[in-house]
Amino acid sequence: MAPRNILIVSNPQDEHTHAVVAHLHKMGVEPILFHPERMGSDHTLSLFQSADPEPDRLILTIHDRKVPLQEMDAIWYRRPRLVTFESNSLSTEALEFARDEWKAFFESAWVLMDGCFWVSRPDRLRLAARKPLQLQVARQVGLSIPRTRITNDPQEAREFYDLCNGRVIVKATGSGWVYSADQEQVHFVLTNRLLQEDLGADEEIRIAPVTFQEEVPKRFEVRANIVGQQVLAIQIPSQQSAISSVDWRRYDVENTPYTAIQLPPDIEQKCVQLTHILGLEFGAIDLICKPDGEYVFLEINGNGQFLWAEQLSGVRVSQAMASLLAGNAPA
């Protein structure tokens with residue numbers, strides 16, 4: 001089979017991209033790397049639409065190299081960043097207008113590229129990021145989910161706390177990323193256990209919706225990476241450390257060794273089904289395994305991080321991603 005034309009839409013600092021590209025090189029594939037933040041410097045994008053009934057043409061230019069995007073076989077849309085502007089002569093209003101113009105153009109271009117294989121389509125990624133939708137689809141495919149209530153009503157929060165006998169966690173309803181005013185620093189809102197004294201903070205609860213979720217007892221946790229039809233699961237013994245017991249993203253790597261795990265076949269099948277119903281070709285799924293062996297779905301990230309867990313566990317997610325893009329693994 002001839003090597004495929006692969007476009008990777010990413011950012012220069014993304015280590016996941018570097019790892020996957022290294023595997024593609026071993027397969028004899030030279031992908032095209034596109035960093036949208038470089039637009040306006042040495043990158044240009046042009047759309048040609050004719051009044052005649054002929055195909056539209058999208059031409060991407062990178063360092064004077066012209067790339068006909070309609071010739072791409074596969075695209076990996078991997079956390080690109082917004083266009084940056086080196087010029088300081090533009091007003092705040094002009095910069096905002098320019099960013100909006102680029103956003104509209106990119107979204108239009110991606111929609112027109114319906115003849116290639118995506119991991120995954122930007123519009124699908126945006127839709128799949130909605131956590132209430134994730135829980136609804138997970139329940140539909142037969143996965144267990146925790147009782148959840150999203151509200152800015154303090155009384156609803158208190159009622160839910162009583163309903164769950166005081167075993168409740170709070171988590172972000174959105175991404176949980178909080179940027180500084182200059183966009184140079186980012187903080188991450190992690191999962192926390194809800195305390196009874198927190199329920200008196202009526203004014204704070206009313207400010208924005210809060211996701212309250214029943215705290216599920218844990219034997220261990222799992223990050224299941226769905227790559228096409230492959231399930232590459234990693235066990236995280238978060239309960240071996242008080243640091244990571246509520247949220248394993250409070251890392252205590254020395255005391256919580258990551259290892260490969262084979263999920264039960266029915267859980268694997270449901271995870272793949274969930275991912276594909278959401279229109280994704282990749283999904284990083286977080287699961288809890290309860291002390292009785294039942295698996296409970298928490299959430300899925302269509303562009304989730306996997307390299308750190310791969311390096312700790314030996315589970316080769318980046319190689320599986322390269323195989324999927326190269327057409328060597330089933331989509």
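This is a predicted model: local features need pLDDT of at least 70, side-chain atom pairs count only at pLDDT 80 or more; totals for chains, interfaces and linings use all residues.
**Entry: the chain as a whole**

I counted the secondary structure of the protein chain and recorded nine helices and 18 strands. I then checked the radius of gyration: it is 22 Å, close to the 20 Å that the globule rule gives for 331 residues, so the chain is as compact as a globular protein of that length. Along the principal axes, I found that the C-alpha atoms fill a box of roughly 65 × 50 × 40 Å.

**Entry: burial, contacts and surface**

I recorded 47% of the 331 residues as buried. Among contacts with a separation of 6 or more, I found that 67% join residues 24 or more positions apart.

**Entry: helix α7**

I compared the length of α7 (residues 265-277) with expectation. At 1.5 Å a residue, its 13 residues should span 18 Å, and the end C-alpha atoms are 18 Å apart, which agrees. I listed its buried residues as I267, E268, K270, C271, V272, L274 and T275. An α-helix has 3.6 residues a turn, so residues three or four places apart point the same way. I then asked what covers the buried residues of α7. The cover includes the helix α4 (131-140) and the strands β14 (220-227), β15 (230-236), β17 (282-289) and β18 (295-301).

Note on methods: Residues are numbered from 1 along each chain as its sequence is written. Side-chain values use heavy atoms; hydrogens and water are left out. Helices (H or I, at least four residues) and strands (E, at least two) are DSSP runs, numbered from the N terminus. The radius of gyration is taken over C-alpha atoms; the globule rule is 2.2 Å times the number of residues to the power 0.38. Buried means under 20% relative accessible area, exposed over 50%, partly exposed in between (1.4 Å probe, protein chains only). Contact means heavy atoms within 4.5 Å. The expected span of a helix is 1.5 Å times one less than its number of residues.
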